[in-house]
Amino acid sequence: MASDEDRLRAKVANLNASLDELEIQLEPLFTKSLPETLVALETIQQAKLQVVLPYVLYDLVFVYLKTRGIDPRTHPVIGELDRVRQYFDKIKSAEDSEEKSKDPS
């Protein structure tokens, strides 16, 4: 049976691996400025990028609070995450409307 220390070490290692993977995923965004990146995208992709960036940031704040022993569910970051999620819903709704308007049936 794993000790509490072993479980904690495994969680920290998992978090570290996840952050490394996030860094790899975000690397292409660091090669150009945000306006340069956005201009090359379609409108819906621009919207998605401009929503995902603050979501990632607020999610990292959430993780940071947890590492500091602060309950993030009682922190204002939850309201910001919820607000950004609403934008994801709006984008999804816009995509669904676009698909319906293209559907010839």
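**View 1. Burial across the protein.** Of the protein's 105 residues, 11% count as buried, where buried means under 20% relative accessible area, exposed means over 50%, and partly exposed lies in between (1.4 Å probe, protein chains only). What you see is a predicted model, in which local features need pLDDT of at least 70 and side-chain atom pairs count only at pLDDT 80 or more, while totals for chains, interfaces and linings use all residues. Residues are numbered from 1 along each chain as its sequence is written, and side-chain values use heavy atoms, with hydrogens and water left out. The protein exposes about 8400 Å², and carbon and sulfur atoms supply 57% of this area; the Shrake-Rupley method with a 1.4 Å probe gives such areas, and for residues only the protein chains shown count as cover.

View 2. Helices (H or I, at least four residues) and strands (E, at least two) are DSSP runs, numbered from the N terminus. The C-alpha trace spans about 60 × 30 × 30 Å along its principal axes. Its radius of gyration is 18 Å, whereas a compact globule of 105 residues would have one near 13 Å. That radius is taken over C-alpha atoms, and the globule rule is 2.2 Å times the number of residues to the power 0.38.

**View 3. An aromatic pair, Y55 and F88.** How many aromatic pairs does the rule count? The count comes to 1 aromatic pair. The ring centres of Y55 and F88 are 5.5 Å apart and their planes stand at 75 degrees, so this pair is edge-to-face. Rings of Phe, Tyr and Trp (its six-membered ring) pair if their centres lie within 6.5 Å; planes under 30 degrees apart are stacked, over 60 edge-to-face, and the rest tilted. The pair links distant parts of the chain, with Y55 in helix 3 (residues 43–67) and F88 in helix 4 (residues 77–102), 33 residues apart. Y55 is partly exposed at 22% relative accessibility, and F88 is partly exposed too, at 30%.

View 4. Look for T37 in helix 2 (residues 34–39). Is T37 buried or exposed? T37 is buried, because its relative accessible area is 13%. Leaving aside neighbours within four places in sequence, T37 is in contact with L29, K32 and L49; contact means heavy atoms within 4.5 Å.
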